[in-house]
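Please consider the following model, with attention to its aromatic residues, its helix packing and its nonpolar core.

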Amino acid sequence: MKAASTIRRKTQRGSALLEGAVISLGFLAIIIGALDFSRAAFAYSQVQWVAGDGARYAGLRGSTTGTRVATSSSIATYVKGNMIALDTTQATVTTTWSPNNTPGSTVTVQVDYVFSPTLIPFLNVSMTLRGTGKSTILA
């Protein structure tokens, strides 16, 4: 007659492998989620920074600067040119002057960026990150 411990070992042979696989999948999901969250935080930081930088750019190029006057398209080109490691086709730049682009007025630059996680493609989720910068026109 076989000992009870020998019978128990034979019936539990695959359980360690199965438990290891389940734990590994859970750990992998946490790592992938952390990477995508880090990418989203980086994208949000970039969007905030380029919005403020675009407002500064527009504030230094008001109506009295001659040929260097900032327009909505030149601000959008400047902002998208300063986006690092982001897909500029997913960015929308909106510029608003209050009341106009003369010195003493204010300019607001708003950048909207559509972020989609790439490490988990089956989720098919996207979010819009928004950054806003405001500056007084100096020249």
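**Aromatic pairing, helix packing and core**

The structure, a predicted model, holds one aromatic pair. Its members are Tyr-57 and Tyr-78, whose rings are stacked, at 4.1 Å centre to centre and with 10° between the planes. Because Tyr-57 belongs to helix 2 and Tyr-78 to helix 3, the pair ties together parts that lie 21 residues apart in sequence. The two partners may also be described by their accessibility. Tyr-57 has a relative accessibility of 15% and therefore counts as buried, the cut-off being under 20%. Tyr-78, with a relative accessible area of 23%, is partly exposed.

The axes of helix 2 and helix 3 come within 9 Å and cross at roughly 140°, so helix 2 is oblique to helix 3. The crossing in which helix 2 passes helix 3 is right-handed. On the helix 2 side, the contact is made by Val-50, Asp-53, Gly-54, Arg-56, Tyr-57 and Ala-58; helix 3 contributes Ser-74, Ile-75, Tyr-78 and Val-79.

The largest nonpolar core comprises 23 residues, and those with the most contacts inside it are Ile-75, Val-79, Met-83, Val-109, Val-111 and Tyr-113. At least two core residues come from each of helix 2 (15-59), helix 3 (72-81), strand 1 (91-98) and strand 2 (106-115). Helix 2 gives the most, with eight residues. What does Met-83 touch, not counting residues up to four places away in sequence? Its contacts are Gln-46, Val-47, Val-50, Thr-88, Ala-91, Val-111 and Tyr-113.

Notes:
Residues numbered from 1 in each chain as written. Predicted model: local features only at pLDDT ≥ 70, side-chain atom pairs only at ≥ 80, totals over all residues. Heavy atoms only, no water. Core = buried A, V, L, I, M, F, W, Y, C linked by side-chain atoms within 4.5 Å. Buried < 20%, exposed > 50% of the residue type's maximum accessible area, 1.4 Å probe, protein only. Helix = DSSP H or I, 4+ residues; strand = E, 2+ residues; numbered from the N terminus. Contact = heavy atoms within 4.5 Å. Phe/Tyr/Trp six-rings, centres within 6.5 Å; stacked < 30°, edge-to-face > 60°. Axes fitted to C-alpha atoms, helices over the stretch in contact; angles between N-to-C directions. Parallel < 35°, antiparallel > 145°, perpendicular 65-115°, else oblique. Left-handed = near helix turned anticlockwise from the far one by under 90°.
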